[in-house]
Amino acid sequence: MNTAARGNRTTFRGWKPYVIGAAAVTALLLSTACQPGSGGSSGSGSTGASKRPGTAKSKDTDAHKPGSQGRPATIAPCTGDNLAASSVREPASSKEARQLLLTVQNVGDRKCDLYHYPHVRLGADARAMVPVIEDSSPDPGRPVTIAPMEEAHVALLVAGGARDEYEAKSITLTLHGRTLGSKGSDPIDVPLPDGPLYADDGQLVTYWTTASGGALDFIMSR
């Protein structure tokens, strides 16, 4: 670098242009770093591009559509088409069929709901449906859900020692709808247990349950 002595003062030729060039470069770098789309600022265009309008909202909306992961689909009521019914006397060794366990099995390919208790008719000449034991369910308004091949039960007291005994040659049950007292299906024939079935005016039935022993507890001591 050339220098020239003037008195006691020394001047470095070329120094001033160098300083001006560095300032210009610095200003250029700062201007580039602040432009939209660069990586120099936390509020840059790269962050804004990940928040395109509607993206996050559409995902949240889809998650809450019926049947999606956000909200389970409604379970359909059981019908006569997806149930198989049976009956057994309790205990199995009893000579009289006073207490029966009625069972339905879900033979469909989807879960279904059973509401309240079945409308049971003992014999074609029965004058009324079998009354329900009101305290036989801890939550009477809650349906019983059965998956494919699962079972639900009600306990049936055929004869309670009352008047007007008659021989019942058939058992039919009609499913409840969601509303108490409503009809949810056509009558379903239930195969009779072995031996004659003598009913009287003391008939009673329980609410649906998946615990057969719990249902039987309400009629075995009667």
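Select His153 and show what it touches (heavy atoms within 4.5 Å): Leu101, Leu102, Thr103, Tyr207, Trp208, Thr209, Thr210, Ala211 and Ser212, not counting residues up to four places away in sequence.

This is a predicted model, where local features need pLDDT of at least 70, side-chain atom pairs count only at pLDDT 80 or more, and totals for chains, interfaces and linings use all residues. Residues are numbered from 1 along each chain as its sequence is written, and side-chain values use heavy atoms, with hydrogens and water left out.

Stay on His153. It sits in strand 8 (residues 151-157); strands are DSSP runs of E, at least two residues, and helices are runs of H or I, at least four, numbered from the N terminus. His153 has 7% relative accessibility, so it counts as buried (under 20% relative accessible area, 1.4 Å probe, protein chains only).

Next, select His119 in strand 6 (residues 119-122). His119 counts as buried because its relative accessibility is 16%. Show the backbone oxygen of Ser182, 3.1 Å from a polar atom of the His119 side chain. Leaving aside neighbours within four places in sequence, His119 also has contacts that include Met129, Thr172, Leu175, His176 and Gly181.

Key. Buried means under 20% relative accessible area, exposed over 50%, partly exposed in between (1.4 Å probe, protein chains only). A polar contact is a pair of N or O atoms within 3.5 Å; within protein, one must be able to donate a hydrogen and the other to accept it, and residues adjacent in sequence count only if both atoms are side-chain atoms.
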